[in-house]
Amino acid sequence: MAELVFHTGPMDCGKSTLALQLDYTQSSHGRRGRVFTSQDRSGSGVITSRLGLKVAALEVDAEFDFWRYVIGELTQARRVDYIVCDEAQFYTPEQVDQLARIVDELQLDVYAFGILADFRTHLFPGSQRLVELADRMETLPIGPLCWCGARGTHNARTVGGLMVTEGTQVVVGDTVAGSEVRYEVLCRAHHRRRMTAVRAKATLNPEPLPFDPENF
Ligand SMILES: Nc1ncnc2c1ncn2[C@@H]1O[C@H](COP(=O)(O)OP(=O)(O)O)[C@@H](O)[C@H]1O
Ligand SMILES: Cc1cn([C@H]2C[C@H](O)[C@@H](COP(=O)(O)O)O2)c(=O)[nH]c1=O
């Protein structure tokens, strides 16, 4: 039986790496797949993994129709055995419905990868639809750690190291330090308290702040 599988986890837990590994394994055993992504942080039509892999992919925009695409391929005798979908949180609910139809009516496996929730802990519409329709969900086993050492589960958006709770749902970005707006994965308790690594360092550091004795 073909399946719609939703592989999920917070940012930086290895989803894109697993998507590329899965495609590599399937294709090296003679299966023909199509690899899709949407708004990868490296640009259009590419999947990048923080482990260094970068592979061309078909870009999904809001108008893209998976059903029409696959029917078009099959009617032109181009084989499709499975579909890999990265950054699936950015897909529309209608596109997720098309993926489920492809599984049920064409018996193709669909492997979707994406984060569940945004920086305010609200489900992305595409992820919500995947939760509703997937045959099964898989949470990646290894994830990033919160600065406190607990498992990181919630994606925080930070500006200058401080967590923000206002803004548009989609802002493509990375977890690496260096840019003004970035993401940091926290445990729930520290996400609730907006306690990012920068804030924790400033407020929980037992060392006295440096001061100028001349002006004290
Ligand atoms: N140099 C490295 N060596 C080993 N693992 C790494 C290295 N750099 C990043 N990783 C791992 O890569 C994973 C992130 O991979 P990626 O596929 O980009 O994640 P996601 O798609 O979930 O955001 C993390 O688990 C991280 O620990
Ligand atoms: C939390 C959150 C994330 N995003 C963006 C940031 C990245 O471009 C992707 C997630 O990519 P990853 O491969 O899982 O690291 O989603 C966003 O637009 N809005 C958010 O709230």
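The shell around ligand 2 takes at least three residues from each of domain 1 (1-143) and domain 2 (144-204), with domain bounds that come from an automatic or database domain assignment. This is a predicted model, in which local features need pLDDT of at least 70 and side-chain atom pairs count only at pLDDT 80 or more, while totals for chains, interfaces and linings use all residues. Residues are numbered from 1 along each chain as its sequence is written, and chains are lettered from A and ligands numbered from 1 in the order in which they are written.

Ligand 2 is surrounded by 16 residues, and M11, D118, F119, N155 and V172 are the closest. A residue counts as near a molecule if its C-beta atom, placed from the backbone, lies within 6 Å of it. Helix α1 (15-27) and strand β9 (154-159) each give at least two residues to this shell. Helices (H or I, at least four residues) and strands (E, at least two) are DSSP runs, numbered from the N terminus. By type, the shell has 7 nonpolar, 4 polar and 5 charged residues. Here Ala, Val, Leu, Ile, Met, Phe, Trp, Tyr, Cys and Pro count as nonpolar, Asp, Glu, Lys and Arg as charged, and the others, Gly among them, as polar.

## Ligand 1

The residues around ligand 1 are M11, D12, C13, G14, K15, S16, T17, S49, R50, L51 and I142. They divide into 4 nonpolar, 4 polar and 3 charged.

## Chain and domains

The protein chain holds 6 helices and 11 strands. Its C-alpha atoms fill a box of roughly 80 × 30 × 30 Å along the principal axes.

The C-alpha centres of domain 1 and domain 2 are 26 Å apart. Their contact involves 14 residues from domain 1 and 17 residues from domain 2, where two residues are in contact if their C-beta atoms, placed from the backbone, lie within 7 Å. On the domain 1 side, the residues that touch domain 2 comprise 7 nonpolar, 3 polar and 4 charged.

## Nonpolar cores

A nonpolar core is a set of buried Ala, Val, Leu, Ile, Met, Phe, Trp, Tyr and Cys residues joined through C-beta atoms within 7 Å. The largest one has 28 residues, and C85, L99, I102, V110 and A112 have the most contacts inside it. At least two of its residues come from each of β1, α1, β2 (33-37), α2 (66-75), β6 (82-85), α3 and β7. Apart from this core lies another, of 9 residues, including L116, C146, A156 and L186.

Leaving out residues up to four places away in sequence, V110 touches L4, I83, C85, L99, I102 and V103.

In helix α4 (residues 125-133), the buried residues are G126, S127, R129 and L130. They are on the same side of α4 because they cover an arc of only 160° around the axis, the arc being that of the directions from the helix axis to the C-beta atoms. These buried residues pack against β1 (4-8), α3 (93-106) and β7 (109-114).

A100 is placed in helix α3. Why is A100 partly exposed? Because 18 other C-beta atoms lie within 10 Å of A100. A100 touches L4 and L133, not counting residues up to four places away in sequence.

Terms used: A residue is buried if 20 or more other C-beta atoms lie within 10 Å of its own, exposed if 12 or fewer, and partly exposed in between; C-beta atoms are placed from the backbone.
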